[in-house]
Amino acid sequence: MKKLPWEGLSAAQKDAITATRDLGFKYLWNDALCICQDDSDDWETQASQMGTIYQCAACTITSLRSSFDQNNRWVTRGWTFQEQNNSLRMFLFWPGGIQYNC
């Protein structure tokens, strides 16, 4: 297992790591880090398991920091439907705060 340099992580990834630790969890699954982004076979394998990943997660942390278009609408992302419908608990990090859904 490789160690990731903190400086190389995005603000959303740093927020997710901090929230995971603050909530007392030991593990974090982050699609940008856990799926080989330039490997279509790995992406297909992981994408087919996303529903189960969300269903089995203790909670889902969703960063909405960059998920809005210029009309302030939540941009439809590939995982959004599965996040909302399969997650038992969600922490939504909005630009102005945090929302908890269960």
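Modeller: Gladly! Read along the sequence, the protein runs α-α-α-α-β-α-β-β, with 5 helices and 3 strands; helices (H or I, at least four residues) and strands (E, at least two) are DSSP runs numbered from the N terminus. The model is predicted, so local features need pLDDT of at least 70 and side-chain atom pairs pLDDT 80 or more, while totals for chains, interfaces and linings use all residues. Residues are numbered from 1 along each chain as its sequence is written, and side-chain values use heavy atoms, leaving out hydrogens and water.

The part I would pick is helix H3, residues 40–47, where Asp42, Gln46 and Ala47 are buried (under 20% relative accessible area with a 1.4 Å probe, protein chains only; exposed is over 50%, partly exposed in between). Why do these three share a side of H3? They lie on the same side because they cover an arc of only 125° around the axis, taken from the directions from the helix axis to the C-beta atoms. Turned away from that buried side is the face with the exposed residues Ser40 and Asp41. The cover over the buried residues of H3 includes helix H2 (31–34) and helix H4 (50–56), judged by contact, that is, heavy atoms within 4.5 Å.

Now for the start of the helix. Asp39 sits in the loop between H2 and H3 and caps the N-terminal end of H3: one of its side-chain oxygens is 3.0 Å from the backbone nitrogen of Asp41. Such a polar contact is a pair of N or O atoms within 3.5 Å; within protein, one must be able to donate a hydrogen and the other to accept it, and residues adjacent in sequence count only if both atoms are side-chain atoms. Asp39 is partly exposed, with a relative accessible area of 31%.

Stepping back, buried residues make up 27% of the 102 residues. The accessible surface comes to about 7,400 Å², 52% of it belonging to carbon and sulfur atoms. Of the contacts between residues at least 6 apart in sequence, 50% join residues at least 24 apart.

Strand E2 (residues 90–94) pairs with E3 in the antiparallel sense over 5 bridges (DSSP must find at least two bridges for strands to pair). Trp94 has Gly97 in E3 as its bridge partner.

Between H5 and E2, the loop holds Ser87, which counts as buried at 12% relative accessibility. The side chain of Ser87 makes a polar contact with the side chain of Thr60 at 2.6 Å and reaches the backbone oxygen of Glu83 at 2.7 Å. Beyond its neighbours within four places in sequence, Ser87 is in contact with Tyr54, Thr60 and Gln82.

Phe81, in helix H5 (residues 80–86), is instead exposed, with a relative accessible area of 61%.

Conventions:
Accessible areas come from the Shrake-Rupley method with a 1.4 Å probe; for residues, only the protein chains shown count as cover.
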